[in-house]
Amino acid sequence: MYDPFVDKTLNSQQPVVDSYWQSTTSSPSFSPLDSSKQVDVAIIGSGYTGLNCAINLAQQGVTDVAVVEANSIGWGCSSRNAGFVLPGSGRLSYQQLVDRFGQDNAKELHTQYMDAIDLVQSRVELISDKADKTENGYLKLAHSPNWFSKLSKSADYLANNFDYEVETFSKSEFQSQFVDHQKVYGAIRYKNGFGINPLKLVNQYTKMATELGVKLYSHSPVIDLEQSQNKGHKIITNQGEITANKVVVATNGYTPKGLNTPLANKILPVLTSVIVTRPLTVEELKAANFLSHQVMMDTRELKYYYRLLPDNRILFGGRSAISGKAASNPKYQQRLLNELKETFIGLEKVSIDYVWSGWISVAFDEMPHLFKTENDIYYATGYCGSGVSFSAWAGNELANLIVGKNTRSPLYSELPKFPFAPFRRIGQSLFYQYGRIKDAIG
Ligand SMILES: Cc1cc2nc3c(=O)[nH]c(=O)nc-3n(C[C@H](O)[C@H](O)[C@H](O)COP(=O)(O)OP(=O)(O)OC[C@H]3O[C@@H](n4cnc5c(N)ncnc54)[C@H](O)[C@@H]3O)c2cc1C
């Protein structure tokens, strides 16, 4: 498997992701870049960040925009995530945001989180089947009594300080109203989160971008990014090149080690895996008392996330191998299946139909960053596995920066370097060991 921590380049022959989402819809194809072009803005990477940046630029009249993608459009995280549209990004709680950024900036960030959800919601509304949007609700599940107390306090904190109403459910309320979960100690529900089919969302962004005149090039890995002799930049692929005044690096957790970008040594690509079961039978749904399609995630340091899909399969995700080389070890999908069976009653016979993994990006300070360098390279990255809503907002905001607007985002700052960057994976391995102990203690 491609491993951005190790591989110097990302080639264009990567396999199509064998995800459940690929079985639900087809995607348009595009030609590779095979000549020299000149554009105003070139965007590397066609996930939610890159596509939304292109859409917003075109909507503001900057139509001379090209998006260059190493594989098929949206091939990275955006086509293969779990489809949780979350009210937030990064890994910090609201209290931690206040501690780090101050109350006013945390409030501004809260507004941006809400705007991000509204943005995705408005785009989902344009799709005929609404990208299979679920009922509203993002459920955060306490995995210990201690965490239920923390969640309850955080619900009060959000209501008092951010005017953000979050519902609280005791263990028995949760089990009777949502699902008879065997490991839950209570939950809170963010009313504006929801689930979607992420590939259908990619297709919608692709449609919007092409209708607005953006040029998309697939299967065109960028192998070098050069400062141009005159002004601007040169993006070089195997078969072509683009000269552009401004460049957006929207490669996120898939950025290859050898690509000369401002992200080098500043993100940690982390693998997360998902299994999707066969559809549950009526008896199984009843045994587990599965009454809800709302998206759910637990409070563990090493989180599990899950949802009932429209055709009554369960999608169940969590941490995976540290390296791409180890990712095919069946123990990772088995761990997810074991956890699923321990979590829900009556699913002993359930089997896996789909399994896949993907690279999320984690910044050293555990929060996303958007930034413009002195030489007009723009980037947004570091969503830490919560980027379906926020990457769309960040892509939009990059477009605003490109047309010369200011940003109010507290996340506008240069990505910090990882100290001892070559040893990031040792740090990750130690963090996993710490997480296992912390999660066991509760
Ligand atoms: C299994 C999984 C489950 C997830 N679940 C959720 C979820 O439920 N909710 C949530 O909020 N977030 C989730 N995420 C994270 C979320 O999907 C991402 O934060 C989001 O999609 C990031 O979008 P992006 O456009 O920034 O990056 P990506 O979608 O990763 O796009 C980057 C693109 O850049 C391309 N690229 C890289 N290098 C080059 C190059 N040299 N030349 C050209 N192109 C290049 C890649 O091929 C890729 O398509 C999940 C991620 C994974 C992997």
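Me: At what angle do helix 3 and helix 6 pack, and how are they oriented to each other?
Reply: This is a predicted model, in which local features need pLDDT of at least 70, side-chain atom pairs count only at pLDDT 80 or more, and totals for chains, interfaces and linings use all residues. Residues are numbered from 1 along each chain as its sequence is written, and side-chain values use heavy atoms, with hydrogens and water left out. The axes of helix 3 and helix 6 (residues 198–211) lie 10 Å apart, at an angle of about 80°. Since 65 to 115 degrees counts as roughly perpendicular, helix 3 and helix 6 are therefore roughly perpendicular.

Me: Which residues of helix 6 meet helix 3?
Reply: Contact means heavy atoms within 4.5 Å. On the side of helix 3, the residues are Val120, Arg123 and Val124. Their partners in helix 6 are Leu201, Gln204, Tyr205 and Met208.

Me: Is serine 78 buried or exposed?
Reply: Serine 78 lies in the loop between strand 2 (65–68) and strand 3 (84–85). Leaving aside neighbours within four places in sequence, serine 78 is in contact with Gly47, Tyr48, Pro198, Leu199 and Val202. Because buried means under 20% relative accessible area (1.4 Å probe, protein chains only), serine 78, with a relative accessible area of 9%, is buried.

Me: Which residues does leucine 57 contact, leaving aside its neighbours within four places in sequence?
Reply: With those neighbours set aside, the contacts of leucine 57 include Val41, Ile43, Val62 and Val65. Leucine 57 is also in contact with Ala399, Ile402 and Val403.

Key. Axes are lines fitted to C-alpha atoms, for helices over the stretch in contact, and angles run from 0 to 180 degrees between N-to-C directions. Helices (H or I, at least four residues) and strands (E, at least two) are DSSP runs, numbered from the N terminus. Angles under 35 degrees count as roughly parallel, over 145 as roughly antiparallel, 65 to 115 as roughly perpendicular and the rest as oblique. Buried means under 20% relative accessible area, exposed over 50%, partly exposed in between (1.4 Å probe, protein chains only).
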